[in-house]
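Trainee: I have a new model on screen. Can you show me how to read its features?

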2 protein chains.
Amino acid sequence: MKASGNCYKLQLLLAHLNQPYRWIDVDSTAGETRTPEFLAKNPNGKVPLLELEDGRVLSESDAILCYLAEGSRFLPADRWLRAQTLQWLFFEQYSHEPYIAVARYVAKWLPADHPRQADLPRLRERGYQALDVMEKHLATQDFFVGGAYGLADIALYAYTHDAAVGGFEFGRYPAISAWLRRVEAQPGFVAQTY
Amino acid sequence: MKASGNCYKLQLLLAHLNQPYRWIDVDSTAGETRTPEFLAKNPNGKVPLLELEDGRVLSESDAILCYLAEGSRFLPADRWLRAQTLQWLFFEQYSHEPYIAVARYVAKWLPADHPRQADLPRLRERGYQALDVMEKHLATQDFFVGGAYGLADIALYAYTHDAAVGGFEFGRYPAISAWLRRVEAQPGFVAQTY
């Protein structure tokens, strides 16, 4: 689903890896993740889903990132650097995505009179808390882990770059803003289009 | 924090690994994760937090599990088994804990007239969706990944075993109920006490 940052993460990594793949659009807003065929592959009914040529399937965007990046410079072999990468990936899924991605979804895709519009103030409050944590880290470091661009940057870029759509303002986040530009300057970078 | 399933995960893994450690109680409900001292170690203000002897710190319970389990039978070296382990760890943090752990917290620790009691129906609806996914998987497999007890079981056991406190009923989950007993029968298992 092109509009999903969780799906875009994989697009971005695969572009960096220069790895060929086939993209199949699945629109969760049209119920396509709730069909019997899709649920047979991912009982949790979510995109993205990675399907290997032999039919094995893997869900959860950040688990797929780790699988695809194994052996590449985007997921270091060093035990401590890997641990820090995972720390930021879990931060992204627990403290960042549920607020920044969901605020973006509510603000852009739900009607102005939808009851979930009432969630926006709390989503933004929590989203800003996540951005505060990122700003603090990036104030002294160019990238999230070990001074080099990697999976943590890819995962956090996916929804941060488009957070303005959810009503987040970046004037108070100069370090995040500079980091977004550094990510976009990486060789092989592809922008999200939807 | 003994009552936290996210902290208990580490207790359980460390017991299996027979690895010595020092436990420092930090009570988030008493503001102890929001002190300047704590925030200097984890700017995201959450427990658990792992501190190594040299002062390096790591946050995010499931990232800490992966770090501690490296090289042990609880986190297989095989690329596909690792990917599946991560899939279930991200499932736990995104689709399970935010509903099952939070319902438990609201039901047990917040006053009966607290406004967040109104969240319980939705928390339970989503929590049951997560339990449905687990039940389906465990209907044909003894453990979550590769037929052997490991990190995915430890992470998912942490809040599932105590979900009744949040109002979840297990009558419709025979496979989960049998799996809980299998986890408790593992050598070195320690129960959560709080």
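Predicted model: local features only at pLDDT ≥ 70, side-chain atom pairs only at ≥ 80, totals over all residues.

Trainee: Where does B:Q192 sit in chain B?

Mentor: Look in the segment after α7 (174–184) of chain B.

Trainee: Is B:Q192 buried or exposed?

Mentor: The cut-off for buried is under 20% relative accessible area. B:Q192 has 10% relative accessibility, so it counts as buried.

Trainee: Which backbone oxygens lie by its polar side-chain atoms?

Mentor: There are two to check. The B:Q192 side chain reaches the backbone oxygen of B:K2 at 2.9 Å. For the backbone oxygen of B:A3, the distance to a polar side-chain atom of B:Q192 is 3.4 Å.

Trainee: Why do we say the copies meet through the same surface?

Mentor: Compare the interface residues. Of those in chain B, 100% are also interface residues in chain A, so the same surface is used by both copies.

Trainee: How do I describe a helix pair?

Mentor: Two packed helices are described by the angle between their axes and the distance between them. Take helix α4 (residues 79–109) of chain A and helix α4 (residues 79–109) of chain B. Their axes come within 10 Å and cross at roughly 30°. Angles under 35 degrees count as roughly parallel, and α4(A) and α4(B) are therefore roughly parallel to each other. Their crossing is right-handed.

Trainee: Which residues of α4(A) and α4(B) meet?

Mentor: On the α4(A) side, they include A:L86, A:L89, A:F90 and A:Y94. On the α4(B) side, they include B:L86, B:L89, B:F90 and B:Y94.

Trainee: How many residues of helix α6 (residues 151–160) of chain A are buried?

Mentor: Ten of the ten, so α6(A) is largely enclosed by the rest of the structure. Among them are A:L151, A:D153, A:Y157 and A:T160.

Trainee: What do the buried residues of α6(A) pack against?

Mentor: Five helices of chain A: α1 (5–17), α3 (61–69), α4, α5 (120–138) and α7 (174–184).

Note on methods. Residues numbered from 1 in each chain as written. Chains lettered and ligands numbered in written order. Heavy atoms only, no water. Contact = heavy atoms within 4.5 Å. Helix = DSSP H or I, 4+ residues; strand = E, 2+ residues; numbered from the N terminus. Buried < 20%, exposed > 50% of the residue type's maximum accessible area, 1.4 Å probe, protein only. Polar contact = N/O pair within 3.5 Å; in protein donor to acceptor, adjacent residues only side chain to side chain. Axes fitted to C-alpha atoms, helices over the stretch in contact; angles between N-to-C directions. Parallel < 35°, antiparallel > 145°, perpendicular 65-115°, else oblique. Left-handed = near helix turned anticlockwise from the far one by under 90°.
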